[in-house]
Amino acid sequence: MPTALIVEDEPLLRAELTDQLRALWPELEVAGYAENGIDAVARIDASKPDIVFLDIQLPGLNGMEVARHIPESCQVVFVTAYADYAVAAFDAGACDYLVKPLTTARLLQTIRRLKSRAAASPPPAVWEKLFERDSAPVYLKWIKASSGNAVRLVMVSEVLYFQSDGKYTRVVTEQGAALIRLPLKTLLEQLDPQQFAQIHRSAIVNLQAIDRIERNELGGRGSAGLEVILKGRAERLAVSEAFTRQFRQM
């Protein structure tokens, strides 16, 4: 039996779509629901559904951002209230597109298309073509980080700083620290430069978390360095000479 995940933050629409799917496609198992983008990514990763009905307007991560993390073997049906948003791209592509309010006739068309594609080859990542039309860079919005035996989904905006820790990178938030297996250099390329800055070869800081920059006399004449003091935190992060220029006006 094929399985589906419904990602929709409106309870009435979730219920309506579930009821219609059960009536029109009894063989389909609705395996679960998600109400926001972050929860959707976690549930898709855990349950690996065959189909995702994905609202575009979601809290946390929007549907387009969630779709970037969906494997190609999973078929995606976007759901939105805006009929003119990339309709042509989906009509010609491997995914489908439903417009609110849902109609039985349009949903039947979607079901036929999903069944047909399931019997053929796996669908390409059509949603990526939408981003090719937009030249604006897309930066990381969330990361998976290990904390003990658990894996946490951390919003990047909540990270105070990243710090190299051997083969790992520490992700420090107000709630504590976790680890990711991603080099600092690679991570920096995926972060918004308007929000994050490298201050040391082993540290990247969230600029919004900075309280002040202080000069720390290190004991010798002419020997001094800058340190970052974070809001409400005790630790002091050293700024290496190579990265002091960006703080000279602060």
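Analyst: **The enclosed space and its lining**

Searching the whole structure turns up one cavity of 30 Å³ or more. Here a cavity is a set of points, on a 1 Å grid over the protein atoms alone, where a 1.4 Å probe fits but cannot get out. The largest cavity holds about 40 Å³ of space, the volume being the space filled by probe spheres set on the points, which are joined across faces, edges and corners.

A word on the source: this is a predicted model, in which local features need pLDDT of at least 70 and side-chain atom pairs count only at pLDDT 80 or more, while totals for chains, interfaces and linings use all residues. Residues are numbered from 1 along each chain as its sequence is written, and side-chain values use heavy atoms, with hydrogens and water left out.

Lining residues have an atom within 4 Å of a point; for the largest cavity they are Val7, Glu8, Leu13, Leu17, Phe53, Leu54, Asp55, Val79 and Leu102. Strand 3 gives the most, with three residues, and helix 1 (11-24) also supplies at least two. Helices (H or I, at least four residues) and strands (E, at least two) are DSSP runs, numbered from the N terminus.

Asp55, one of the lining residues, sits in strand 3 (residues 51-55). Aspartate 55 counts as buried because its relative accessibility is 2%, where buried means under 20% relative accessible area with a 1.4 Å probe, protein chains only. Leaving aside residues up to four places away in sequence, aspartate 55 touches Val7, Glu8, Asp9, Gly63, Val79, Thr80 and Lys100, a contact being heavy atoms within 4.5 Å.

Key:
Buried < 20%, exposed > 50% of the residue type's maximum accessible area, 1.4 Å probe, protein only. 1 Å grid on protein atoms, 1.4 Å probe; cavity = no way out; pocket = protein on both sides within 12 Å on 5 of 7 lines; lining within 4 Å.
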